[in-house]
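Here is a friendly tour of one protein model, with its pockets, a helix pair and some backbone details in view. Please have a look at the sequence and structure before reading on.

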Amino acid sequence: MKPNLAASRPRCIRAKFLAPHTKPLPLGLALLGVLIPSLASADRIVFDRPATRFTESSPVGNGRLGAMDFGGTSSTTIVLNEQSLWSGRPLDQNRPDAWKNRQPIIDLLLQGKNPEAEQLVNATFTSDGPGSSHGSGKDGPFGCYQVLGTLTITMPNLPNPAHAPTDYQRWLDLSNAEAVTTWQHQGASYQRHLIASHPAKVIACLISTTSPDGLTCEVSIARPERATISAEGDDLIMRGTMNDGAGGSGLRYISRTRIISKGQVSITDGVLRISGDRQALLLHTAATSYDGPIKGAHYGADFESRAKADLDAAAATSWEQLLADHRRDYRSLADRVTLDLGPSPEGSTQSRLIALAGDRASRGASGGANANANASAKDPALAALLFQYGRYLLISSSRAGGLPANLQGLWAQELQTPWNSDYHLNINVQMNYWAADAAALSECHQPLTALIESLRDPGARTARAYYNAPGWTAHVITNVWGYTAPGEHASWGSTVTGGAWLCDHLWEHYRYTGDLDYLRRIYPLLKESSDFYRSILIPLPGSDHLVTAPSNSPENAFRLPDGRTAHTCMGPAVDQQILRELFENTRRAANILNLDAPLQAELASLQKRLAPNRIAPDGRLQEWQEPYAEPEPKHRHISHLYALHPSEEITLHGTPDLAAATRKTLEARGDRSTGWSMAWKACFWARLGDGNRAESLLKFALLPVADAGFNYSNGGGSYPNLFGAHPPFQIDSNLGTVAAITEMLLQSHRELPDEPPTINLLPALPSAWTKGSVTGLRARGGFVVDITWNDGTLSTARIRREYSGPVNSEFPATVYLRLPDRAQRLSLTLTSGQTAQVTPAGIQIVP
């Protein structure tokens, strides 16, 4: 869009400097010594060239603002994001009185007429309107998360065919959350150093050179639509209004960019120019008018003035202080957990992925887990890098007071993002947060809680409209506007347990933290969700069991005996498992809070009546109430194994027959799949105690993937910047991998329903990880765990109890402890502040 400029002629802006800016800093000092002799590191993603596409660039984020640094030399691109930049608007897409059609749908299901029931669902029980517009909601009411814009930095004096840049290096430093690019040109050093500061609420980029001529830079910003660019004082401004999906004005936004330099700074024709100094500090901030229904520290109606205040405050702070504050804030979260699986080899991260894939292929990809373990033994540090990268991405995209990480976390380059980059409730947003507590990032869980709370009121309207029921519910998808209606098609949109699955995250967060105030806050959500589901259950003919109806096993189809295919069903296994868990969690929460004794008794009774898990004639865990054939045997969703993970209904030691059935299910489904599906499969295999198979899935997730859009027929993997490939990029693969690696090293779920949790050390250690250590993992019940192993055997472990609250079912005085290769569990009793020193020889309690 052509700029609409407030100032049409060149003007000189005299930069405002505080004392820290008055003296030019030597390059090494300015960047606090980031120039290092070797880039081989377990906490760096290393590149050997500038990015040519989004999935080669370096992501930084402060939970609200994000940037993707392409790392160019004479010209570079930085893609910008602001997490609340959505089109669309709040809109009730519930069908009035849809509940009147529910019984006819159920009658058809009871007659075995599933395709006819599905047709009736499509006609009467889907969204009233376009829903998500089939994942293309940019200009519809559902809306779409969108790119903010693209910042371009050019150095007009650098392009010179006779003197091309040399000694190029680029890396993303996960230990400090910094993207760095360095190169040489005609004897001078150049560096760009990019951060997204959470304390300062800005993107900051220091550009430096040792050239005696100093820098000559031009900075511009652009957006493909709905953007007006202007100059205001020292700032380059971009403003716009999003489409509300009805032809009107939606959410408004502003972007501000400013350069701090001792040189000459001017704005002409929508371009910021700087010359005459050896360093320049580029500052960027953005904000929107979003103010709910997801509650948080949103800028709301004051977004313009607050964005300017953020930028002014950052401009009055030295780069050194900005960097120090940023590092201190980030490391207060990141440094809680360390993982060492061995040294990292030299070379770019992409070259390591290619080498791993090549070595695996040469050993025979069909060789399964053993061939893969041999290959991965050459570079086990890649798994540690992937683990810390996932934690980095969660810290960078999900901070208290903000919105939760969406399908792409925080980072997007499109106007129409894949599947609207929304919140899918049939696994994806949940997977984003599986490891938040276990990987010591409990604070990052807060935005998910806020999302769930935002669904309570609209979910109550949906419960009344479709089920004539109390409580609240949500189906398959939601957005920042509180969408809870079914999706627009019966094949996937009528999955009914999205809200119940979300409730498990509320309960799990309490199981790790022991925060009673939090439990009191979220108990009404658990109770009202249980109120909804206990009111909609129907009897399963020929038994005393209760089931949901209508519903789906997420996105999967089945074949009826007459050869017809359907999706709509009664009581898929995943629904029954989730509801057993929901009723149990609600009952336990009520007991701890000494509330609702009659409800506790009723939920305990209903749990027993829910249709149980069934083992099919072929030995697999049954996905539906009947052992239907599967049109797509390798389907990416394995929802009926929910009871194995993330739940704890099926356990290796507590329910061995059901565990064996899940193993057969996984063998039949196969390993290769979409990125997030392979992460979930790795979690399953970890729960089954098969570390080599779990690690094999991780290596599949590390296979290099070309940027091929939506083509996921060949399975997922990793892009050059380690973004997980569905494909396309989805962050759940990255964050689910953190959960998988955590499960391989430490588990702390119950092995049987009515007993304390079991702290299981190295339950699925792969043979490729012969030596290593992990510190700072969290276990349910309020424990912090450090583990060291050698030659595949436990050396030492330290288990420290941090919980200091009252004893209850989730925080018992005594828990179980399971050591590797030990058939019998030990009892472990620790009070707050005590530590157990564990070795193969025994346990010693120290103060």
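## The largest pocket

Sorted by class, the residues lining the largest pocket are 8 nonpolar, 7 polar and 16 charged (Ala, Val, Leu, Ile, Met, Phe, Trp, Tyr, Cys and Pro count as nonpolar, Asp, Glu, Lys and Arg as charged, and the others, Gly among them, as polar). The model is a predicted one: local features need pLDDT of at least 70 and side-chain atom pairs count only at pLDDT 80 or more, while totals for chains, interfaces and linings use all residues. Residues are numbered from 1 along each chain as its sequence is written, and side-chain values use heavy atoms, with hydrogens and water left out.

The space in this largest pocket is about 620 Å³, a volume being the space filled by probe spheres set on grid points joined across faces, edges and corners. A pocket here is an open set of points on a 1 Å grid over the protein atoms alone, where a 1.4 Å probe fits, with protein on both sides within 12 Å along at least five of seven lines; lining residues have an atom within 4 Å of a point. Of its 31 lining residues, Arg-580, Glu-584, Gln-607, Glu-649 and Pro-753 lie nearest the centre. Helix H15 (573-593) is one of the elements that supply at least two lining residues, and its 7 residues make up the largest share. Helices are DSSP runs of H or I with at least four residues, and strands are E runs of at least two, numbered from the N terminus.

## A helix pair

The axes of helix H17 (residues 656-669) and H18 come within 11 Å and cross at roughly 145°; axes are lines fitted to C-alpha atoms, for helices over the stretch in contact, and angles run from 0 to 180 degrees between N-to-C directions. Arg-663, Leu-666, Glu-667 and Arg-669 of H17 meet Lys-681, Phe-684 and Trp-685 of H18, where contact means heavy atoms within 4.5 Å. These contact residues divide into 3 nonpolar, no polar and 4 charged.

## Backbone details

Two cis peptide bonds are worth a look. One joins Gly-292 and Pro-293, with omega about 15°, and another joins Ala-549 and Pro-550, with omega about -10°.

Ala-440 has a positive phi near 65° although it is not a glycine, and this residue sits in the loop between helix H9 (428-432) and helix H10 (446-454). Ala-440 is buried at 2% relative accessibility (buried means under 20% relative accessible area, exposed over 50%, partly exposed in between, with a 1.4 Å probe and protein chains only).
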